[in-house]
Amino acid sequence: MLFESPINLKMKDADVIYYPNFFHQSLADTLFENLLSQMNWKQDSITVFGKTHLQPRLTAFYANNKNEYKYSNIIMQPHPFSGDLLKIKNNIETALNIDFTSCLANLYRDGKDSNGWHADDEKELGESPIIASVSFGAERIFHFKHKFDNALKTKLILQHGSLLLMQGETQAYWLHQIPKTQKHIGKRINLTFRIIA
Ligand SMILES: O=C(O)CCC(=O)C(=O)O
Ligand SMILES: [Fe+2]
């Protein structure tokens with residue numbers, strides 16, 4: 001694990017810190033390949049405005065408790081942590097000195113896969129959700145926009161092996177998304193470690 005100076009995004013009404021190369025290149029390469037084959041990836045259907053369609057990415061949900069995660073009409077039952085996912089969880093917990101219960105993982109198969117505007121503000125995540133988001137594989141752009149001030153927006157590239165920590169008031173004041181891209185890009189895995197009571 002390599003701590004290349006963390007970058008504080010200094011966003012208003014938020015606490016967002018980006019750690020490039022949290023995992024160095026060769027370890028990140030191995031973790032990416034292993035997670036691709038080890039995780040229980042599936043494509044869920046979601047219902048938005050009465051219409052049901054497949055989610056534009058694959059997901060998998062893990063926890064060290066039995067607590068399910070509900071969002072966008074989906075209820076996810078956890079698998080237990082194991083293998084490389086458990087190693088990554090332990091690395092992050094040691095580095096941040098935070099214990100997580102759960103991980104919602106996303107697999108973006110190509111540039112057509114995406115994650116629409118949302119805040120991770122479900123009440124099971126508590127008053128000030130702490131989300132540690134690890135990225136492997138293809139780089140994708142991550143957008144933020146302020147919920148109440150249209151002038152406030154920002155974006156960053158989530159690099160292979162990076163960690164993005166969102167905490168404090170971030171989810172209360174900001175939305176985020178992974179937009180689609182026309183670029184011909186490969187797969188990306190994102191792991192969002194959370195505390196779900
Ligand atoms: O893929 C990402 O970087 C973001 C994932 C995300 O926002 C989520 O799962 O809530
Ligand atoms: Fe999110």
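1. Where is the place of Asp 13? In this predicted model, Asp 13 has its place in the loop between β1 and β2 (15-19). The phi of Asp 13 is near 55°, which is a positive value in a residue other than glycine. Because 15 C-beta neighbours lie inside 10 Å, Asp 13 counts as partly exposed.

2. With 18 other C-beta atoms within 10 Å, Asn 21 is partly exposed.

3. The open sheet deserves a careful look, and the reader may wish to trace its strands one by one. Seven strands form this sheet, in the order β1-β2-β13-β10-β15-β8-β5, and the pairing is antiparallel. At the edges stand β1 (7-8) and β5, each with a single partner strand, so one side of each is left without a neighbour in the sheet. Within the sheet, β8 and β15 run antiparallel and are joined by seven bridges; Asn 106 has Asn 190 in β15 as its bridge partner.

4. Ala 60 has its place in strand β5, and it counts as buried because it has 21 C-beta neighbours inside 10 Å. If neighbours within four places in sequence are left aside, Ala 60 is in contact with Met 39, Asn 40, Trp 41, Lys 42 and Ala 105. Ala 60 and Leu 107 are 47 residues apart along the chain, while their C-alpha atoms are separated by 8.5 Å.

5. The helix α1 comes next. It has 14 residues and reaches 20 Å from its first C-alpha to its last, close to the 20 Å expected at 1.5 Å a residue. Its buried residues are Ala 28, Leu 31, Phe 32 and Leu 35. Seen down the axis of α1, these buried residues fall within an arc of 105°, so they line one face of the helix. On the other side of α1, Ser 26 and Ser 37 are exposed, and the cover over the buried residues of α1 includes α2, β10 and β15.

6. The buried residues of α2 are Leu 85, Ile 88, Lys 89 and Ile 92, and, seen down the axis of α2, they fall within an arc of 100°, so they line one face of the helix. A student may note that Lys 89 is listed among the buried residues, whereas Gly 83, Asn 90 and Thr 94, on the other side of α2, are exposed.

7. What lies over the buried residues of α2 includes α1 (25-38), β5 (58-63), β8 (102-108), β10 (131-137), β13 (162-167) and β15 (188-194). After α2 comes Asn 97, whose phi is positive, near 60°.

8. Strand β3 (residues 45-48) and strand β4 (residues 51-54) run antiparallel and are joined by four bridges, and Thr 47 has Thr 52 in β4 as its bridge partner. This hairpin has two residues between the strands, and in it Phe 49 takes a positive phi near 50°. The other hairpin joins β11 to β12 through six residues; strand β11 (residues 140-146) and strand β12 (residues 153-158) pair in the antiparallel sense over six bridges, with Phe 142 standing opposite Leu 156 in β12.

9. The last point concerns the surroundings of ligand 1. Around it stand Leu 104, Asn 106, Asn 115, Asp 120, Ser 133, Phe 142, Leu 158, His 176, Ile 178, Asn 190 and Thr 192. The elements that give two or more residues to this shell are β8, β14 (174-178) and β15.

Notes:
Residues numbered from 1 in each chain as written. Chains lettered and ligands numbered in written order. Predicted model: local features only at pLDDT ≥ 70, side-chain atom pairs only at ≥ 80, totals over all residues. Buried ≥ 20, exposed ≤ 12 C-beta atoms within 10 Å, placed from the backbone. Arc of directions from axis to C-beta. Contact = placed C-beta atoms within 7 Å. Near = placed C-beta within 6 Å. Pairing = 2+ DSSP bridges. Expected span 1.5 Å × (residues − 1).
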